Amino acid sequence: MAPVVVTVPTQAKRGEVIEIKTLAAHVMENGFRRTQMGELIARDIITQVVCTYNGVEVFRAELHPAMAANPFVAFTTVATESGTLEFKWTGDNGYSASHSAAITVT
Amino acid sequence: MTTRRQFLFLTGGALATTPVLAQLDPNIAQKRKAALEEAIRKVTGGAPLRQGRVKLDVAPLVDNGNTVPLSVTVQSPMTAADHVKAIHILTEKNPQPHVLTAHLGPRAGRATLSARCRMADTGNVIAIAQMSDGSFWSEAVSVIVTLSACLEDGLI
């Protein structure tokens, strides 16, 4: 299973506001649960999602343990020029995932 | 000699009350309130929260607190001079109030955001928008949760 799923339109008009949906497959262990032996399960979450458009950061989100498992974040950006959108997730225990999507602006 | 009635009263009473006392902090309500106020103060830096401009969409009744879809829309022209800098989402009854902080800018085009959060208990969800002029706007929505997100023991 792909670790991440991102929905970005492949084509857009210049100046159009496009919607971007991102989802990363991650358990998001919140650090408040216990095992049957009563030991706390260590926190293991994604802490940050960053989106850059041709190298310029357009969106950044800090996630906390109260995000649901498989964190879904949807946002918008203005289609300014053709290029690539880079997505990067970072989290606990060295978690890191990235994805890039190409967009053609007419 | 212990009668059946006395035996049931003693054991039943002990079984029913001790686990609850062992798990829940008696000051849980105050602690949650203080944690939320502290989180809001950290976000705003003491600036007043104003009502309006923010629209928070959450279902008023959710079956499963593990995934609560929500979306936030802020009324803003999103120009370089006047835009939303950040959207913060907090919950009232979770062990940690923070859910998400999103940093936006004029490149966002529209100030909208969707995400899914966890909720431990019935209570308010609060969205706070931080504007480029330094003002803070918020909306709180009350949500009833029938099945809470996994929290087997002491909250906070």
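**Close-up views of a predicted two-chain model**

**Figure 1. Strand pairing between chain A and chain B.** In this predicted model, strand S5 of chain A (residues 56–63) pairs with S6(B) in the antiparallel sense, over four bridges. One residue to look for on the chain A side is Leu63(A), whose bridge partner in S6(B) is Leu100(B).

**Figure 2. The side of chain B that touches chain A.** Between the chains, 23 residues of chain A are in contact with 29 residues of chain B. On chain B, strand S6 (98–103) and strand S7 (112–117) each supply at least two residues of the side that touches chain A. Sorted by class, this side of chain B has twelve polar, eleven nonpolar and six charged residues.

**Figure 3. The largest nonpolar core.** This core has 57 residues. Those that touch the most other members are Met67(A) from chain A, together with Leu70(B), Val72(B), Ile87(B), Ile89(B), Cys117(B) and Ala127(B) from chain B. Strand S8 of chain B (residues 123–131) gives the most to the core, with five residues. In soluble globular proteins, nonpolar side chains tend to be buried together.

**Figure 4. Surroundings of Leu70(B).** Leu70(B) is among the core residues that touch the most other members. With neighbours within four places in sequence left aside, the contacts of Leu70(B) include Leu56(B), Asp57(B) and Val58(B). Leu70(B) is also in contact with Ile89(B), Ala115(B), Cys117(B) and Val125(B). Two of these partners, Ile89(B) and Cys117(B), are likewise listed among the core members that touch the most others.

**Figure 5. Gly15(A) in a loop of chain A.** Gly15(A) sits in the loop between strand S2 (11–12) and strand S3 (17–24) of chain A. Gly15(A) counts as exposed because 10 other C-beta atoms lie within 10 Å, and the cut-off for exposed is 12 or fewer. Not counting residues up to four places away in sequence, Gly15(A) touches Val78(A) and Ala79(A). Pro65(A) is 50 residues from Gly15(A) in sequence, and their C-alpha atoms are 35 Å apart in space.

**Figure 6. Ala34(B) in a helix of chain B.** Ala34(B) lies in helix H2 of chain B (residues 28–44). With 12 other C-beta atoms within 10 Å, Ala34(B) is exposed. From Ala34(B) to Gly134(B) the C-alpha to C-alpha distance is 24 Å, and the two residues are 100 apart in sequence.

**Figure 7. Chain A on its own.** Chain A has eight strands and zero helices, in the order β-β-β-β-β-β-β-β along the sequence. Its C-alpha atoms fill a box of roughly 60 × 25 × 20 Å along the principal axes. The radius of gyration of chain A is 16 Å, whereas a compact globule of 106 residues would have one near 13 Å. Of the 106 residues in chain A, 31% are buried. Among chain A contacts between residues at least 6 apart in sequence, 57% join residues at least 24 apart.

**Figure 8. Chain B on its own.** Chain B contains two helices and nine strands. Its elements run α-α-β-β-β-β-β-β-β-β-β from the N terminus on. Of the 156 residues of chain B, 33% are buried. Among chain B contacts between residues at least 6 apart in sequence, 68% join residues at least 24 apart.

Methods
Residues are numbered from 1 along each chain as its sequence is written. Chains are lettered from A and ligands numbered from 1 in the order in which they are written. This is a predicted model: local features need pLDDT of at least 70, side-chain atom pairs count only at pLDDT 80 or more; totals for chains, interfaces and linings use all residues. Two residues are in contact if their C-beta atoms, placed from the backbone, lie within 7 Å. Ala, Val, Leu, Ile, Met, Phe, Trp, Tyr, Cys and Pro count as nonpolar, Asp, Glu, Lys and Arg as charged, and the others, Gly among them, as polar. Two strands pair if DSSP finds at least two bridges between them. A nonpolar core is a set of buried Ala, Val, Leu, Ile, Met, Phe, Trp, Tyr and Cys residues joined through C-beta atoms within 7 Å. A residue is buried if 20 or more other C-beta atoms lie within 10 Å of its own, exposed if 12 or fewer, and partly exposed in between; C-beta atoms are placed from the backbone. The radius of gyration is taken over C-alpha atoms; the globule rule is 2.2 Å times the number of residues to the power 0.38.
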